[in-house]
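Q: Hey, I've just opened this one and I'm new to it. Can you walk me through a few spots?

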Amino acid sequence: MKAATAYIQLDNLVHNLNVVRAKAPNSRVWAAIKANGYGHGLLPVANTLAAHADGFGVARLEEALALRANGIETPILLLEGFYSAEDLPLLAEHQLHTAVHCIEQLEALERATLVAPLTVWLKVDSGMHRLGVRSEECSEFIARLNACPNVAKPLHFMSHFGCADELENPVTNAQIAMFAAVTEGQDGDRSLAASSGCFFWPDSHLDWVRPGISLYGVSSVSSLTGKELGLKPLMTMTSSLIAVRTAKKGEPVGYGARWVTDRDTNIGVVAIGYGDGYPRVAPDGTPVMVNGRKVPLVGRVSMDMLTIDLGPDAKDCVGDEVILWGESLPVEEIANHVGTIGYELVTNITSRVDLVYT
């Protein structure tokens, strides 16, 4: 009997990457493997994709250094750039690409003494207004970066969508147009599309695309599943029944007595909870799979356990496997019940979940 266990089918990474390439055949691919490979394990994901992706995108310098320390020689892009001027020698030593999105980073580059110039991607604020240089400031940044001896030439350009998962939202086309205007006439490569851009906004493909969640078989759009996009999920999150109990009509189950059974039934207790990353806010009725059928979560999720209504005629036994999400129960379906996105569910699994690679 196993408690919370995530089975990761690594071969599906290559399949999903090929699906992305078919969508953007003229673009090179930065494979986003930040946040511990979206919860799937940084190094196993990187080792699987190293021979297939053109580069890796990470959020933190520590992620990049872990890849280099484990023999990954693939180009690596720091999607948020460097956080401190003291980091710059490490970027040069390990030949890391970096985003530049603010004046502090620009000034740090101008002051630095480095053993080799860095490949820099100017991050343009094309309308999301999170990170990036505003369009009216880009000319000055471009001129100063091109004049800086610590910046390899040519300078490259990137931006990020704010509403690409909303397929009718006009903001995305406005961002594409703004990015095109800012980068017109520049020699460097351009990158705009993440997963939603790859699948739904072909005008955004440009020189590089940056798929993230789609590589792991999960849709970036809540109304679709990865399977409907031709993707294969990597992760099957499982646990086991550790108890099967009877509950009589009118009895509550779990903390706060949130759920009260309206019939005599059998309650399964599953060895997984918010301490494993399963969301505490999951409502009654969120489905799980037991012995080939969907049954509803009932009662509040605890730290180490959750409870499910197996039904009055259930024959399920202690030790039976429970699937929380996977190929037979899309993580997007769970996310829709919970009111979140698949990204959050797969990246929130905690260190006590056993990752088993197949």
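This is a predicted model: local features need pLDDT of at least 70, side-chain atom pairs count only at pLDDT 80 or more; totals for chains, interfaces and linings use all residues.

Q: Okay, what's the phi of Tyr38 like?

A: Tyr38 has a positive phi of about 50°, although it is not a glycine. In general, most residues other than glycine have a negative phi.

Q: And is Tyr38 buried or exposed?

A: Tyr38 counts as buried, at 8% relative accessibility.

Q: Which other residue has a positive phi although it is not a glycine?

A: Gln95 does, with a phi of about 55°. You'll find Gln95 in the loop between α5 (88-93) and β5 (97-100).

Q: Buried or exposed, that Gln95?

A: Gln95 counts as exposed, because its relative accessibility is 64% and the cut-off for exposed is over 50%.

Q: While we're on the backbone, where is there a cis peptide bond?

A: Look at the bond from Lys153 to Pro154: that one is cis, with omega near 5°. Pro154 sits in the loop between α7 (138-147) and β8 (156-158). As a rule, most peptide bonds are trans.

Q: Switching to helices. How do α1 and α3 cross?

A: The axes of α1 (residues 11-23) and α3 (residues 42-49) come within 9 Å and cross at roughly 55°. That makes α1 and α3 oblique to each other, and α1 passes α3 in a right-handed crossing.

Q: Which residues meet there, between α1 and α3?

A: From α1 you have Leu13, Val14 and Leu17, and they meet Val45, Thr48 and Leu49 of α3. Sorted by class, that α1 with α3 contact has five nonpolar residues, one polar and no charged ones.

Q: What about α3 and α4, at what angle do they pack?

A: The angle is about 60°, and the axes of α3 and helix α4 (residues 61-69) are 11 Å apart. So α3 and α4 are oblique to each other, and α3 passes α4 in a right-handed crossing.

Q: And which residues of α3 and α4 meet?

A: Leu42, Leu43 and Ala46 in α3 meet Glu63, Ala66 and Leu67 in α4. By class, the contact of α3 with α4 divides into five nonpolar residues, no polar and one charged.

Q: How many residues apart along the chain are Val20 and Leu229?

A: They are 209 residues apart along the chain, and their C-alpha atoms are separated by 9.9 Å.

Q: Last topic, cysteines. How many disulfides are there?

A: The count comes to zero, going by a limit of 2.5 Å between cysteine sulfur atoms. Take Cys102: the nearest cysteine sulfur, in Cys138, is 13 Å away, and Cys102 is in no disulfide.

How values were computed
Residues are numbered from 1 along each chain as its sequence is written. Side-chain values use heavy atoms; hydrogens and water are left out. Axes are lines fitted to C-alpha atoms, for helices over the stretch in contact, and angles run from 0 to 180 degrees between N-to-C directions. Helices (H or I, at least four residues) and strands (E, at least two) are DSSP runs, numbered from the N terminus. Angles under 35 degrees count as roughly parallel, over 145 as roughly antiparallel, 65 to 115 as roughly perpendicular and the rest as oblique. A crossing is left-handed if the near helix is turned anticlockwise from the far one by less than a right angle, and right-handed if clockwise. Contact means heavy atoms within 4.5 Å. Ala, Val, Leu, Ile, Met, Phe, Trp, Tyr, Cys and Pro count as nonpolar, Asp, Glu, Lys and Arg as charged, and the others, Gly among them, as polar. Buried means under 20% relative accessible area, exposed over 50%, partly exposed in between (1.4 Å probe, protein chains only).
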